[in-house]
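Hi there,

Here is the structure I promised to pass on. Have a look at it first, and then read on for what turned up.

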Amino acid sequence: LRRGCLTMPTDPAAPLIMIGPGTGVAPFRAFTQTRFAQRQAATAAAAAAGTAADTAPVGEAVLYFGCRKRSVDYLYEREWVDHLECQALQALHVAFSREAETKVYVQHKMVEQQSAPLLWRILSHPASHVYIAGAANQMPKDVRKALRAVAQTHGAMDEEASAAFLKQLEAERRLQCETW
């Protein structure tokens, strides 16, 4: 066994963007379970202090998951739905690559009109963390390209600035990639 290199932020208020096609989603199951526990702890602390639970300092979490077919390899589907219902996840975007004539991958979901504004809002947050896990072939490059496209479209950055933005996130260990 090799120890993974993805590490969650120590501050539970830090927003998370998780991108895990196929078995790359496995570490994000643990991340989401951790977010669930953090929300429960924050809610209990708020109740004990007599404050509103919705003021609990736990950041948003968004997951982009990709698989071939819903009926075959939609890993942990019931758990993702449960985590959406209890707000451990604020958004779930699933790409099924073999259910339509045109293949749809996670990078396509990231730039869609309905998800890109939320992606940029979280990505541009000064404490956000972005995680990419999965196959080491073309996926990481395509996901980075999608992140740059969102920064350009919604963050009014040019190509050079968006590339520098991602490099800065990596330098700060706020963009982490584990591929195999």
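Two strands are taken as paired if DSSP finds at least two bridges between them. On that basis, this predicted model has an open sheet of five strands in the order 3-2-1-4-5, paired in parallel. Its edges are strand 3 (91–96) and strand 5 (175–179), each of which pairs on one side only. Ignoring direction, neighbouring strands are turned by 10 degrees against each other on average.

At one end of that order, strand 4 (residues 129–134) joins strand 5 in the parallel sense over five bridges, and Y131 stands opposite Q176 of strand 5.

Two helices that pack on the sheet are worth a look. Helix 5 (residues 116–123) touches strand 1 (16–21), strand 2 (61–67), strand 3 and strand 4, and its direction makes about 125 degrees with that of strand 1. Helix 6 (residues 139–154) touches strand 1, strand 4 and strand 5, at about 155 degrees to the direction of strand 4.

The largest nonpolar core has 24 residues, and I17, I19, Y64, M110, L123, V143 and L147 have the most contacts inside it. Among the elements that each supply at least two of its residues are strand 1, helix 4 (106–111) and helix 7 (159–171), while helix 6 gives the largest share, six residues. Leaving out residues up to four places away in sequence, L147 touches M110, L119, L123, V130 and L166. Another core, of 18 residues, lies apart from this one and includes L63, F65, L89 and A133.

Enjoy exploring!

Best wishes

Definitions and conventions. Residues numbered from 1 in each chain as written. Predicted model: local features only at pLDDT ≥ 70, side-chain atom pairs only at ≥ 80, totals over all residues. Heavy atoms only, no water. Helix = DSSP H or I, 4+ residues; strand = E, 2+ residues; numbered from the N terminus. Axes fitted to C-alpha atoms, helices over the stretch in contact; angles between N-to-C directions. Contact = heavy atoms within 4.5 Å. Core = buried A, V, L, I, M, F, W, Y, C linked by side-chain atoms within 4.5 Å. Buried < 20%, exposed > 50% of the residue type's maximum accessible area, 1.4 Å probe, protein only.
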